[in-house]
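Biologist: Please take me through this structure one question at a time, as I have not seen it before.

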Amino acid sequence: MESKRGWLKQSFGKRLNAIHSWNAWILVLLTVTGIVLSIGAIRGDLGAFRVTLKQLHIYLGVASALLMVLYAPMIRKHWRQIRARRNQRANLVFVLALLIGWAASGVILWQFRHMPPGLNNAALLVHDLLTWVGVPYAVYHAISRSRWLKRQQRLEQAAASRPPAAASVAAADIAPVASEDATAGRTAAQAVIAALKESPITRASFLRLVAGVLLVIAVGPAFYRWIKGAFDTGGSSTAEYVANDGNRMLPPPAPLPDSAAVVGGGAKGNFRIYTVTEIPTFSSDTWKFAISGLVDKPNAWNWEQFLQMKRTVQVSDFHCVTGWSVYQCTWEGIPLKQLLAAAGVQASAKFVKFYSGDKVYTDALSLSQANGDDILVAVLMDGKPIPQQLGGPVRLIVPQMYAYKSVKWLQGIELIEKEHMGYWEVRGYDNDAWVGKSNA
């Protein structure tokens with residue numbers, strides 16, 4: 001209660017400055033944590049710390065929202081104070097729109113397990129877009145409003161308004177009356193000097209312009225690439241993955257009619273590439289696939305043998321635990337329960353462990369989960385071989401669970417008796433990754 005009274009006793013200006021300062025520091029921390037969380041290449045290096053960092057990012061977002069609540073009763077008075085300053089009013093509207101947009105989209109992403117996937121995708125797009133726009137703007141705002149630049153501006157204003165030197169005044173008092181030509185020349189010269197003094201390109205404004213141009217040059221190309229991919233609904237990103245595929249798997253799998261027709265619409269979505277290792281490259285000359293462990297008929301296949309197994313086609317959505325989804329992907333492959341039945345699962349087997357060809361990533365399902373009708377060992381996506389960046393030549397697809405269960409570059413299946421905690425599970429993710437229920 002005392003702290004509340006102390007806050008209310010402070011002058012309006014001090015409270016406003018305090019909120020501004022707190023918000024600036026929170027924005028810095030949100031930016032740093034958000035950038036670190038968004039870098040797919042270091043997800044594995046962060047390990048369990050990534051889960052902690054994600055929670056910190058959420059708490060910082062809540063703190064930013066609380067600052068807006070503190071500011072809300074002050075908006076009317078603040079708006080009246082700056083009624084004659086158009087630039088400050090425009091800045092206030094823009095910043096409030098940014099903060100409200102960040103907060104609203106952040107809450108949806110925070111609670112994405114309880115939200116429709118379509119809303120999550122939209123919230124992620126808005127959150128990213130506001131970050132691309134808001135962070136550079138905040139940097140520019142911090143530079144343009146820095147104390148050093150304000151001091152430069154005050155010095156320039158003082159110099160522009162300085163009265164004529166005393167010596168000049170005295171000389172004018174004792175000088176004889178000038179001729180009309182001299183008077184006209186002096187008036188013209190004074191007009192030129194006055195115009196120069198009133199030039200909008202002062203040193204301070206020039207430095208602001210330079211800071212803005214440098215930010216555009218630094219951020220512009222990356223922002224263009226992001227916005228092109230984010231708003232491209234033609235599936236060009238997937239096409240690029242296929243065109244730049246480093247795998248050399250011959251012969252390529254021939255798609256079934258349903259797969260070739262692409263009965264789904266996965267190619268219209270955009271995948272985000274996350275990996276905990278370097279993306280591996282495979283060749284059909286050396287590639288092998290095996291099933292072993294607690295089975296009656298362990299087996300190993302080369303590429304040509306693997307392609308001879310009976311395949312099926314299914315259309316399903318793909319959900320990432322970070323909040324984005326790709327809808328109606330057409331997958332073609334071997335049902336996992338078909339592989340397990342052919343291998344002859346022994347009574348002592350309780351879990352199915354999956355090995356990635358990167359030789360690092362593993363995950364597991366219970367035997368009952370693994371026998372789901374829609375779990376697929378996929379070799380084609382939307383009628384084309386799965387590119388290496390999306391987990392090809394073979395990847396697991398578990399549609400009803402978040403994608404960290406859909407092991408990329410799948411090459412090995414082992415039936416085991418004891419529960420196995422996968423790569424992300426030992427780093428804080430849920431072992432049961434059901435969409436809408438996982439706490440990862």
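Biologist: What is the relative accessible area of cysteine 329, and is that residue buried or exposed?
Modeller: This is a predicted model, in which local features need pLDDT of at least 70 and side-chain atom pairs count only at pLDDT 80 or more, whereas totals for chains, interfaces and linings use all residues. Residues are numbered from 1 along each chain as its sequence is written, and side-chain values use heavy atoms, with hydrogens and water left out. Buried means under 20% relative accessible area, exposed over 50% and partly exposed in between, with a 1.4 Å probe and protein chains only. Cysteine 329 therefore counts as buried, its relative accessible area being 0%.

Biologist: How many disulfides are found in the whole structure?
Modeller: Cysteine 320 is a buried residue, because its relative accessibility is 8%. A disulfide would be a pair of cysteine sulfur atoms within 2.5 Å, and when the whole structure is searched for such pairs, the number found is zero.

Biologist: What length from first to last C-alpha does helix α2 reach?
Modeller: Helices are DSSP runs of H or I with at least four residues, strands are runs of E with at least two, and both are numbered from the N terminus. Helix α2 covers residues 12-38, which is 27 residues.

Biologist: Which backbone oxygen does the side chain of arginine 15 reach?
Modeller: Arginine 15 is placed in helix α2, where the buried residues include Phe12, Arg15, Leu16 and Ile19. A relative accessible area of 15% is why arginine 15 is called buried. At 3.4 Å, its side chain reaches the backbone oxygen of glutamine 10.

Biologist: In the open sheet of five strands, which strands stand at the edges?
Modeller: The order of this sheet is β2-β1-β10-β5-β6, and its pairing is mixed. Each edge strand has a single partner strand, so one side of it is left without a neighbour in the sheet; these strands are β2 (299-301) and β6 (362-366).

Biologist: Which residue of β2 stands opposite phenylalanine 289?
Modeller: Two strands pair if DSSP finds at least two bridges between them, and strand β1 (residues 289-293) is joined to β2 by three bridges, running antiparallel. The two strands form a hairpin with five residues between them. Opposite phenylalanine 289 stands tryptophan 301.

Biologist: Which residue of β10 stands opposite serine 292?
Modeller: Strand β10 (residues 410-416) is joined to β1 by four bridges, and the two run parallel. In this pairing, the residue that faces serine 292 is glutamate 414.

Biologist: How far apart in space are valine 242 and glutamine 388?
Modeller: Valine 242 lies in helix α12, residues 236-243, and is partly exposed, with a relative accessible area of 33%. In sequence, valine 242 and glutamine 388 are 146 residues apart, whereas from C-alpha to C-alpha their distance is 8.3 Å.

Conventions
Expected span 1.5 Å × (residues − 1). Polar contact = N/O pair within 3.5 Å; in protein donor to acceptor, adjacent residues only side chain to side chain.
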